[in-house]
Amino acid sequence: MRPSGRQLDQMRDVSFVRDFTMHAEGSVLVSFGNTKVLCTASVEDGVPRFLKGKGQGWITAEYGMLPRSTGSRMQRESGRGKQGGRTLEIQRLIGRSLRAAVDLKTLGENTLYIDCDVIQADGGTRTASITGACVALVDALRAMKQRGAIKKVPEVQMIAAISVGIYQGVPVLDLDYPEDSSADTDLNVVMTDKGGFIEVQGTAEAAPFSADDLNAMLALARQGCEQLFSLQQAALAD
């Protein structure tokens, strides 16, 4: 039995609240159960120096956890003077994932900044961030079209991410913190709505996992991402 009482292939309740803030071109509060992340997409003219004059845009991301997003207060990373390795890894993952969503040549020389701020953490903050940020990205692209920054909204390949793992010897979908903290294997999977994999991050925390275990986890991840794509599309249709 999972701590939450869910079935092995049952995800937590997932929701997207669009236009959560009033200033950003795209803003979404995404919830994976008790994990809640505010994802904002901001548009600025210009691109990094290495892209100037090339006629294409850029998408980059930042990620952070609020001081009391966890059971005990953590110090802000700005107070420590530098970002931690986990933070850098996650925000690079978010940026890589979202750059696969759209042809950067369709953005003009504009940069989209994706900010993912974890309000409450209960496992799966990186996967929730990627999934919510893709919805915020679509809203930002629509805002760019409305203000004339681009001629038309580019075709977007939706991106979603989900965690899977081996918990008490069996594959499970969408790990919450009690499972994540004691799982034998933890796997994060990022996919496109066309069925392609962008990233697969897997670690055996205890015994090594087998090829059969890996295939079972990937099958669960595909099932979970398909559900997330449907939820993203429903949210964007509102």
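Guide: Helices (H or I, at least four residues) and strands (E, at least two) are DSSP runs, numbered from the N terminus. The model is predicted, so local features need pLDDT of at least 70 and side-chain atom pairs pLDDT 80 or more, while totals for chains, interfaces and linings use all residues. Residues are numbered from 1 along each chain as its sequence is written, and side-chain values use heavy atoms, without hydrogens and water.

Let us begin with Thr40, which is found in strand E3, residues 35–45. Because its relative accessibility is 12%, Thr40 counts as buried (under 20% relative accessible area, with exposed over 50% and partly exposed in between, using a 1.4 Å probe and protein chains only). When residues up to four places away in sequence are not counted, Thr40 touches Thr21, Ala24, Gly26, Ser27, Tyr113, Ile114 and Asp115, where contact means heavy atoms within 4.5 Å.

Two of the strands around Thr40 can now be placed. Strand E2, residues 26–32, runs antiparallel to E3 and is joined to it by 7 bridges (two strands pair if DSSP finds at least two bridges between them), and Ser27 is the residue that stands opposite Thr40. E2 and E3 make a hairpin that leaves 2 residues between the strands, and in this hairpin Gly33 takes a positive phi near 60°. E3 also pairs with E5, again in the antiparallel sense, over 10 bridges, and there Cys39 has Cys116 in E5 as its bridge partner.

If we follow E5, which covers 110–120, we come to the loop between this strand and helix H3 (125–146), and in that loop lies Ala121. Ala121 has 23% relative accessibility and therefore counts as partly exposed, whereas Thr40 counts as buried. Apart from neighbours within four places in sequence, Ala121 is in contact with Thr35, Met65, Ser69 and Thr70. The C-alpha atom of Ala121 is separated by 9.1 Å from that of Arg68, although the two residues are 53 residues apart along the chain.

E8 pairs in the antiparallel sense with strand E6, residues 159–167, over 8 bridges, and Ile166 stands opposite Thr185. E8 pairs as well with strand E9, residues 197–204, in the antiparallel sense over 7 bridges, with Met191 opposite Phe197. The hairpin that E8 and E9 form has 4 residues between the strands, and Gly195 in its turn has a positive phi of about 95°.

The C-alpha atoms fill a box of roughly 55 × 40 × 35 Å, taken along the principal axes, and buried residues make up 47% of the 238 residues. Among the contacts with a separation of 6 or more, 69% are between residues 24 or more positions apart.
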